[in-house]
Amino acid sequence: MRAHRFQGWLLDLIKNSGDPAINQAATFETSGYTERPYGIVLQLSNGGQVYLQIVRGSSGDGSDKLDEEPIVEGEPPAPVEAHPIGEGGRIRSADVEGYLAALITNAQSREVSGVERFSERTRKAYSDPQPYGVKVFCHSKAAISILFVHTLRQGDSPSSGNAFKALEAV
């Protein structure tokens, strides 16, 4: 799944989930955020915001250069228990991460082969890993990362100073 199609798919999942902690979800473009090409802004019920950047890694087979995206399907990952974000007071970034991972897994897309939460990795991928995020593995051998680029408390705005410095709670 390419980034632009994943973004639309994920946005629809979020909007249709009915989680009461999310007042609104919109793409970066719709929100006027131009620092990164693909992503979704979550407006939370407590006034906080989470900016989720979508980054896709190539499948390595050259299909990324094709005009028409080849769709590769297989068995979806096994369903997991839903992970609601929770309402009121501070909203934990780990709960937003869990919500996204369960939402994507339970959508049962035949293009998705697995989902991994950054906070639950047993082996860290980088020397300074992002504490929260979701990696979505596709049957096409591509992988999509959902990065917490900004976690903002009510009244805060995104800036280069708070980029990729995920707060434990907003």
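Reader: How many aromatic pairs does the structure hold?

Author: This is a predicted model, in which local features need pLDDT of at least 70 and side-chain atom pairs count only at pLDDT 80 or more, whereas totals for chains, interfaces and linings use all residues. Residues are numbered from 1 along each chain as its sequence is written, and side-chain values use heavy atoms, with hydrogens and water left out. Rings of Phe, Tyr and Trp (its six-membered ring) pair if their centres lie within 6.5 Å. The number of aromatic pairs in the structure is five.

Reader: Which class describes the pair of Phe28 and Tyr51?

Author: Ring planes under 30 degrees apart count as stacked, over 60 as edge-to-face and the rest as tilted. The centres of the Phe28 and Tyr51 rings are 6.1 Å apart and their planes stand at 40 degrees, so the pair is tilted.

Reader: How many residues apart in sequence are the parts that Phe28 and Tyr51 tie together?

Author: Helices (H or I, at least four residues) and strands (E, at least two) are DSSP runs, numbered from the N terminus. Phe28 belongs to helix α2 (residues 28–31) and Tyr51 to strand β3 (residues 49–57), so the distance in sequence between the parts they tie together is 23 residues.

Reader: Is Phe28 buried or exposed?

Author: A residue is buried under 20% relative accessible area, exposed over 50% and partly exposed in between (1.4 Å probe, protein chains only). Tyr51, at 7%, counts as buried. Phe28 has a relative accessible area of 0%, so Phe28 is buried.

Reader: Which class describes the pair of Tyr33 and Tyr51, and which residues form a cluster through ring pairs?

Author: The Tyr33 and Tyr51 rings have their centres 5.0 Å apart and their planes at 65 degrees, so this pair is edge-to-face. It links distant parts of the chain, 18 residues apart: Tyr33 is in the loop between α2 and β2 (39–44), and Tyr51 is in strand β3. Both Tyr33 and Tyr51 are buried. The cluster linked by ring pairs consists of Phe28, Tyr33 and Tyr51.

Reader: Which side chain makes a polar contact with the side chain of Gln53?

Author: Gln53 is placed in strand β3 and is buried, with a relative accessible area of 10%. Leaving aside neighbours within four places in sequence, its contacts (heavy atoms within 4.5 Å) include Phe28, Arg36, Tyr38 and Phe164. A polar contact is a pair of N or O atoms within 3.5 Å; within protein, one must be able to donate a hydrogen and the other to accept it, and residues adjacent in sequence count only if both atoms are side-chain atoms. At 3.4 Å, the side chain that makes a polar contact with that of Gln53 is Arg36.

Reader: What is the length of the polar contact between the side chains of Gln49 and Gln43?

Author: Gln49 is also found in a strand, namely β3, and at 15% relative accessibility it counts as buried. Leaving aside neighbours within four places in sequence, Gln49 touches residues including Gln43, Thr151 and Val170. The polar contact that joins the side chains of Gln49 and Gln43 is 2.9 Å.

Reader: What is the phi of Lys141, and what is that of Phe164?

Author: Most residues other than glycine have a negative phi. Although neither is a glycine, both have a positive phi, that of Lys141 being about 80 degrees and that of Phe164 about 60 degrees.

Reader: At what angle do helices α1 and α3 pack?

Author: Helix α1 (residues 3–17) and helix α3 (residues 93–106) have their axes 11 Å apart; axes are lines fitted to C-alpha atoms, for helices over the stretch in contact, and angles run from 0 to 180 degrees between N-to-C directions. The packing angle of α1 and α3 is about 105 degrees.
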